[in-house]
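Dear colleague,

I am handing over a structure for you to look at. Please open it first, and then read the notes that follow.

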Amino acid sequence: MQNDSQLKKTKCPYQKKFTAIKAFCLIFLLLLADRITKYAARSFQVERINRGISFGLFAELPAHWIIIINILILVCFIIFCVSLLSKLPQLPRTGLAVLCAGILGNMWDRLLYGYVTDWLVLPFSSLLFTEGLAVNLADLFLIAGLLLFLVDLYRLEDLQPPKKP
């Protein structure tokens with residue numbers, strides 16, 4: 001019979017598959033939450049229409065160019081995620097999944113409506129922006145996912161032994 005230390009060292013041959021399934025489930029749940037909140041914002045008419053990219057930037061560009069730019073970013077990001085998914089520790093993988101949910105949430109709006117539905121006005125943002133800064137859950141997922149990804153990578157770099165010259 002194997003002892004506990006031997007069991008911990010044994011790797012499941014399906015670990016990559018489980019990791020991908022967990023990531024897709026997290027993306028699905030976050031995307032669902034984003035869709036529900038945007039639907040509620042439109043239903044209660046508390047939405048703000050964002051025709052730009054992030055924070056309304058490039059709103060003057062034609063809608064088809066913004067969609068093309070977003071699709072290119074999404075494709076590059078998916079290729080990046082797939083190449084890193086099995087090589088990263090859990091926290092950056094989770095960050096990438098959260099980031100992907102944010103990208104997909106806003107992309108869904110762009111393709112369906114031609115704009116992104118923002119509904120949450122950030123407190124004190126009116127000090128910097130005339131009408132205040134409005135975001136949605138997908139925007140918050142973008143920020144949270146990026147922070148999870150970068151913070152853990154930064155921490156991993158600190159744990160590396162110094163390289164010899």
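K38 has a relative accessibility of 0% and therefore counts as buried, where buried means under 20% relative accessible area, exposed over 50% and partly exposed in between, computed with a 1.4 Å probe on protein chains only. This is a predicted model, in which local features need pLDDT of at least 70 and side-chain atom pairs count only at pLDDT 80 or more, while totals for chains, interfaces and linings use all residues. Residues are numbered from 1 along each chain as its sequence is written, and side-chain values use heavy atoms, with hydrogens and water left out.

Side chains of opposite charge can pair when their charged atoms come close. K38 forms a salt bridge with D34, with the closest N and O atoms 3.0 Å apart; a salt bridge here is a side-chain nitrogen of Lys or Arg within 4 Å of a carboxyl oxygen of Asp or Glu. Because K38 and D34 are four residues apart in helix 2 (residues 15-43), about one helical turn separates them; helices (H or I, at least four residues) are DSSP runs, numbered from the N terminus. D34 is also buried, at a relative accessible area of 0%.

The side chains of D109 and K38 meet in a salt bridge as well, at 3.3 Å from N to O. This pair links distant parts of the chain, since D109 lies in helix 4 and K38 in helix 2, 71 residues apart. R35 forms a salt bridge with D109, where the closest N and O atoms are 2.7 Å apart, and both R35 and D109 are buried.

Conventions:
Helix = DSSP H or I, 4+ residues; strand = E, 2+ residues; numbered from the N terminus.
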